[in-house]
Amino acid sequence: MGVVNRSSEPPGTETVAAAVAETAELLEIMFERAREASPRPLSTSQVRAVVALDHHDGLNLRALAELLGSTPPLVSRLCDRLEAVGFIDRLPGTHSRREVTLRLSDRGRAYLRDLRERRRESLESVLGKLTPEARSALAAGLREFREAAAEF
């Protein structure tokens, strides 16, 4: 793990950025394990699409592609696979017959609920090893980080 700062001076942004990046990598590993534990694991791209549709119900392919930083043809194929396993529904668009509206199905919502629960359980097992003071400090720091990142 990284270097621990034992001085009374607060660590610089470079030190904290390195610690956050290292922690993010550990979280990715934990979340990947939770994803793989599913009876029907999705690829990372498919999970990102399911999460995007959970947050933005009723997107069209182009909007989903923009959110995912991809192209409509690639996202269309990704959605083909999600539709084949019953995680999304494609519905006629409201503005144009050529447009398709994407919605997360009940099965997709259940998958996401289970995935989030497995992730939460992994996090709780690690957080349970921290002192109450460390958990409070972490919660306060994460709250401030979210607020600062919201402006990004």
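Colleague: In which helix is arginine 35 placed, and is arginine 35 buried or exposed?
Modeller: In this predicted model, arginine 35 sits in helix 1, residues 13–36. Beyond its neighbours within four places in sequence, arginine 35 is in contact with Pro41, Leu42, Ser43, Thr44, Val47, Tyr111 and Leu115. The relative accessibility of arginine 35 is 10%, and the cut-off for buried is under 20%. Arginine 35 therefore counts as buried.

Colleague: How many bridges join strand 2 to strand 3?
Modeller: Strand 2 covers residues 88–92 and runs antiparallel to strand 3. Within this pairing, aspartate 89 stands opposite arginine 103 of strand 3. The number of bridges joining strand 2 to strand 3 is five.

Colleague: Which residue in strand 3 is the bridge partner of asparagine 60?
Modeller: Strand 1 (residues 59–60) pairs with strand 3 (residues 100–104) in the antiparallel sense, over two bridges. In strand 3, the partner of asparagine 60 is threonine 101.

Colleague: Are helix 2 and helix 4 roughly parallel or roughly perpendicular to each other?
Modeller: The axes of helix 2 (residues 44–55) and helix 4 (residues 72–84) come within 10 Å and cross at roughly 80 degrees. Angles of 65 to 115 degrees count as roughly perpendicular. Helix 2 and helix 4 are therefore roughly perpendicular.

Colleague: What is the make-up of the contact of helix 2 with helix 4 by class?
Modeller: Helix 2 contributes Ser45, Gln46, Ala49 and Val50, while helix 4 contributes Leu78, Arg81 and Leu82. By class, the residues are four nonpolar, two polar and one charged.

Colleague: How many residues apart are arginine 109 and aspartate 57?
Modeller: Their side chains meet in a salt bridge, at 3.9 Å from N to O. Arginine 109 belongs to helix 5 (residues 106–127) and aspartate 57 to the loop between helix 2 and strand 1, so the pair links distant parts of the chain. Arginine 109 is partly exposed at 29% relative accessible area, and aspartate 57 is partly exposed at 41%.

Colleague: With which residue does arginine 90 form a salt bridge?
Modeller: Arginine 90 is partly exposed, with a relative accessible area of 26%. The closest N and O atoms are 3.9 Å apart, and the partner is glutamate 83.

Colleague: Where do arginine 120 and glutamate 117 lie?
Modeller: The side chains of arginine 120 and glutamate 117 meet in a salt bridge at 3.3 Å, N to O. The two residues are three apart, about one turn of the helix, and both lie in helix 5.

Definitions and conventions: Residues are numbered from 1 along each chain as its sequence is written. This is a predicted model: local features need pLDDT of at least 70, side-chain atom pairs count only at pLDDT 80 or more; totals for chains, interfaces and linings use all residues. Side-chain values use heavy atoms; hydrogens and water are left out. Helices (H or I, at least four residues) and strands (E, at least two) are DSSP runs, numbered from the N terminus. Buried means under 20% relative accessible area, exposed over 50%, partly exposed in between (1.4 Å probe, protein chains only). Contact means heavy atoms within 4.5 Å. Two strands pair if DSSP finds at least two bridges between them. Axes are lines fitted to C-alpha atoms, for helices over the stretch in contact, and angles run from 0 to 180 degrees between N-to-C directions. Angles under 35 degrees count as roughly parallel, over 145 as roughly antiparallel, 65 to 115 as roughly perpendicular and the rest as oblique. Ala, Val, Leu, Ile, Met, Phe, Trp, Tyr, Cys and Pro count as nonpolar, Asp, Glu, Lys and Arg as charged, and the others, Gly among them, as polar. A salt bridge is a side-chain nitrogen of Lys or Arg within 4 Å of a carboxyl oxygen of Asp or Glu.
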